[in-house]
Amino acid sequence: MTDSLQSVGIPAGIATGNDYLTLLRACHEGCYALPAINVTSSSTANAVLEAAAHNKSDIIIQLSYSGARFYGGRGLKNDHKAAVYGALSLAQHIHMVAKEYGIAVILHTDHANRPLIPWLNDLIDFSATQYANTGRPLFSSHMLDLSTEPLEDNIKECAIILKRLTPLGVGLEIELGLTGGEEDGIGQEYNENTTDNAHLYTQPEDVLKAWQELSPLGTVSIAASFGNVHGVYKTKINLNPEILKASQELVQHFSHTGPKPLHLVFHGGSGSELEKIEQAISYGVFKMNIDTDTQFAYAQGVGHYIKDNQEAFEYQVSPVTGQPLKKLYDPRRWVRAGELSLIERLHQSFITLGSRGKTIAFR
Ligand SMILES: [Zn+2]
């Protein structure tokens, strides 16, 4: 069936509205997921696009609030404005270059809790203006993570945001249950000894309630926790993807849908066992977040480069040979070393998630 979606296809570049939905359907029918990579710079964004193009896979690029704040520039004093400008400028960069890579890109913002709703609203305002001018929003989807609040409050606020997004062709990701650990300042530090594990598993009944209230309002995806933890630790707690299966079956039963009605998201994917990942995808996960592993890969690439060219990071001219070292300390050299290492790490992800060779984009 994916063949049919592959032959219909969607244009290369940022997928929004119906194209975004077509891409979700292709993942669903083809039983694969897309890597969702957090970026904080044009360098990391370009590397992710390059890796996706190389693997002929579509891709999800996402920005956290603090990643956007960093992109906006540390020198800007106002955190809110810097995070708005950072998100808008990185998004526009990706809009400019993405279609040249010949793949489809879902452009997404990661965890936003209640204090960050004004940030989301400013980004949505910008999408609304762009939509009025061009018929297209800036982002494909946003996440609102009110998982620490009572379910009713979580759903109520998500409904308000979703009603703003739907006319613009933008989707909403919500979180039910709690992904352990913190992601870029959102969430709580995960402690292997003291964190209460019960919160790390979503109740399928909560998924049903959220789906019944939100799915009539627009395109919703759900980060349901099944023991996921952000970050990589010495010991991992037990992943239980059966929760995803139970949630799908409960919704199918009570809402009389076809099989696997939910678009599910896997947070805290770094360092997970292959078998659990494959299981989660077979239960309808279309998006797996990867941040910790790609951060490490980028750092390793830069680290090795510096180690191999140490002289160039201490002297402009070699005290040994008398040769200028400009070519070696040029940021394009060591930044590129980070990019190549990140790309190398991502090759694995496309294979693991089954998205390699499955792009549905046409140029
Ligand atoms: Zn997360």
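A: Let's begin with a word we need: a residue is buried if 20 or more other C-beta atoms lie within 10 Å of its own, exposed if 12 or fewer, and partly exposed in between, with C-beta atoms placed from the backbone. Helices (H or I, at least four residues) and strands (E, at least two) are DSSP runs, numbered from the N terminus. This is a predicted model, in which local features need pLDDT of at least 70 and side-chain atom pairs count only at pLDDT 80 or more, while totals for chains, interfaces and linings use all residues. Residues are numbered from 1 along each chain as its sequence is written.

Our part is strand S5, residues 104-109. Ala104, Ile106 and His108 point one way from S5, while Val105, Leu107 and Thr109 point the other way, and all are buried. Because 6 of the 6 residues of S5 are buried, the strand is largely enclosed by the rest of the structure.

What comes between S5 and S6? Together with helix H6 (residues 117-134), S5 and S6 make a right-handed β-α-β unit. Right-handed here says that, with the strands pointing away from the viewer, the path from the first strand over the helix to the second runs clockwise.

Asp145 is found in the loop between S6 (141-144) and helix H7 (151-165). The UniProt annotation "binding site", from an unreviewed entry, covers Asp145 and Glu175; UniProt positions are given in the numbering used here, feature names are shortened, and annotations may be inferred rather than shown by experiment. Although the annotated residues are spread over 31 residues of sequence, they cluster in space, with a largest C-alpha distance of 5.2 Å. Glu175 is found in strand S7 (residues 171-176). Asp145 counts as buried because 25 other C-beta atoms lie within 10 Å, and Glu175 is buried with 25 C-beta neighbours inside 10 Å.
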